[in-house]
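Work through the exercises below with the sequence and the model open. Each task is followed by a stepwise solution.

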Amino acid sequence: RTIGGEDAWLQIEGQDDEGGVLSAVVFADAGAGNDLIAPHISIAKARGTAASPSAVQNGDTLSYLLYYGHDGTDLNNLAAGITVEVDGTVGTDDVPGKLVFSTSPTGANTLSERVDIDSNGNVTIHDQGDLRFGDADTSNWVAFKAPATVASDVTWTLPDADGVGDQALTTNGSGDLGWTSFLPKDNPSLT
């Protein structure tokens, strides 16, 4: 069966709950290191040939998972994807990586990057997407969102302690946030 325009070498297909499932189980006897033994999938990429492999380079895609759905015609309709890319200079025993999470917007059959985690652990939400915090039953949420344009990258560092009543979070203009009182008795410069 063709999925995403490709015919796979290996395909698992089934009807309802009886097929289309791949599972892996590991049983580990008691002993040193058994807490690290677990089923896994190893995916690797090199440049060059099998006889003469060479190092991957910054920006190379190492692997991706693509998720397709049937639209009533075929299985060539992208819904989401997860990509692993090289994210920096490759050296001996050192391949920095980045995870990219993508989804297909309504009315499109292409993926758009939505969130990535780079090799430094930075999480980026793309295209002015909301960072949402749901309430207890996730029926509503509050969100943060970047403005449409910014002159340069901005990082704010939160204070290391909670403020007290009648204080507000303010910036010092250099990215450090702190608590400031807005009552004249606590801040004589405010009258």
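**Exercise 1: the largest pocket**

Task: find which strand gives the largest share of the lining of the largest pocket, then describe that pocket.

Solution. Strand S9 (residues 123-125) gives the largest share, three residues. Strands here are DSSP runs of E with at least two residues, numbered from the N terminus. The model is predicted: local features need pLDDT of at least 70, side-chain atom pairs count only at pLDDT 80 or more, and totals for chains, interfaces and linings use all residues. Residues are numbered from 1 along each chain as its sequence is written, and side-chain values use heavy atoms, without hydrogens and water.

Next, take the volume, about 960 Å³. Of the 18 lining residues, Ile125, Lys145, Ala146, Val154 and Trp156 are the closest to the centre of this pocket. A pocket is an open set of points on a 1 Å grid over the protein atoms alone, where a 1.4 Å probe fits, with protein on both sides within 12 Å along at least five of seven lines; lining residues have an atom within 4 Å of a point.

**Exercise 2: the second largest pocket**

Task: state the volume of the second largest pocket and which residues are closest to its centre.

Solution. The volume is about 690 Å³. Of the 17 lining residues, Ile3, Tyr64, Leu65, Leu66 and Tyr68 are the closest to the centre. Strands S2 (6-7) and S5 (61-69) are the elements that give two or more residues to this lining. S5 gives the most, six residues.

**Exercise 3: Glu6**

Task: decide whether Glu6 is buried or exposed.

Solution. Glu6 lies in strand S2. Its relative accessible area is 55%, so Glu6 is exposed (over 50%; buried is under 20%, with a 1.4 Å probe and protein chains only).

Definitions and conventions:
Grid points are joined across faces, edges and corners, and a volume is the space filled by probe spheres set on the points. Helices (H or I, at least four residues) and strands (E, at least two) are DSSP runs, numbered from the N terminus.
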